[in-house]
Amino acid sequence: MSLRFLVLRRKHLMLLAAALASAAIFAAVNAPAAVMASGTARQLPIYCVERDQKVCAISFDAAWGADNTEKILDVLDEYGVKATFFVVSAWAEQYPDTAKLIVARGHELMNHSSKHDHYNSLTADQIVADVNHCNDVLESLSGVRPTLMRCPFGEYDDHVISAIRSAGMEPIQWDVDSLDWKGISAAEITRRVTGKVGCGSIVLFHNAGEHTPEALPGVLRCLRQQGYEIVPISELLLDGEYTINHEGRQCAVR
């Protein structure tokens with residue numbers, strides 16, 4: 001065996017060892033990050049609640065206009081239903097008597113932001129400040145500080161949900177969308193809602209929906225006929241420890 005062959009072989013072995021060492025260092029440095037990434041769960045709001053009983057909640061978003069609100073309240077009174085209203089504080093300041101009427105009729109007045117901004121474009125500090133400002137306004141009108149929050153436009157990402165929870169609020173979405181904001185007929189709204197509601201559902205309506213007051217009696221009658229109890233969202237949510245699964249369903253820890 002020539003001396004030249006031995007030198008080349010030793011050189012190849014040294015290069016191989018260096019490559020293996022580099023790979024080991026890379027793995028050691030990056031392993032914690034990989035574990036952290038795989039172990040980080042996506043932040044989700046509550047879309048619905050795990051319930052064995054036929055119970056659901058109806059909610060209304062109020063961001064502009066108030067013409068239909070009292071009509072909606074009259075229908076809810078007629079059927080003995082209490083609902084949750086997610087209210088933008090700028091709306092509440094524009095219609096303070098209507099905001100107070102919602103509470104006087106026994107419904108929940110909850111947070112829907114200060115001005116209906118796109119939260120995804122705000123920093124965490126800006127979101128917290130916005131949430132707290134809305135809470136201050138609604139508390140000054142109702143005497144009760146909100147505990148639930150619905151993101152404007154239903155938009156969110158991990159940093160939005162984390163910021164809302166850091167402010168001590170629970171973010172609420174929905175699993176049944178009436179699409180009343182699209183101006184669809186009362187009959188279509190009724191079919192959509194009653195065909196999709198399940199145990200623990202949260203239904204989305206809007207106080208300014210064109211045909212919402214017209215559709216609401218049929219929705220409430222049908223849900224009652226199907227055996228559903230309709231409660232405010234705070235009563236639908238589970239007490240104690242819970243998790244939120246990949247579908248946004250709040251589930252009890254067993």
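Begin by selecting β10 and β11: these strands run antiparallel and are joined by 3 bridges. Strands here are DSSP runs of E with at least two residues, numbered from the N terminus, as are helices (H or I, at least four residues). Two strands count as paired if DSSP finds at least two bridges between them. The model is predicted, and local features need pLDDT of at least 70, side-chain atom pairs count only at pLDDT 80 or more, and totals for chains, interfaces and linings use all residues. Residues are numbered from 1 along each chain as its sequence is written, and side-chain values use heavy atoms, with hydrogens and water left out.

**The sheet**

Within the selected pair, pick out I244, which stands opposite Q250 in β11. Strands of a sheet pair through backbone hydrogen bonds, either parallel or antiparallel.

**The salt bridges**

Now turn to the side chains. Side chains of opposite charge can pair when their charged atoms come close. A salt bridge is a side-chain nitrogen of Lys or Arg within 4 Å of a carboxyl oxygen of Asp or Glu. How many salt bridges does the structure hold? There are 8 salt bridges.

Select E50 and R254, whose closest N and O atoms are 3.2 Å apart in a salt bridge. This pair links distant parts of the chain, 204 residues apart: E50 is in the loop between β1 (48-49) and β2 (55-62), while R254 is in the segment after β11 (249-252). For accessibility, buried means under 20% relative accessible area, exposed over 50%, and partly exposed in between (1.4 Å probe, protein chains only). R254 counts as exposed because its relative accessibility is 79%, whereas E50, at 27%, counts as partly exposed.

R145 is partly exposed, with a relative accessible area of 33%. D136 is partly exposed as well, its relative accessible area being 42%.

Then select R165 and E170, which form a salt bridge with their closest N and O atoms 2.7 Å apart. Is E170 buried or exposed? E170 is buried, because its relative accessible area is 13%. R165, at 27% relative accessibility, counts as partly exposed.

For the last stop, select D74, D77 and R105, which are linked in a network of salt bridges.
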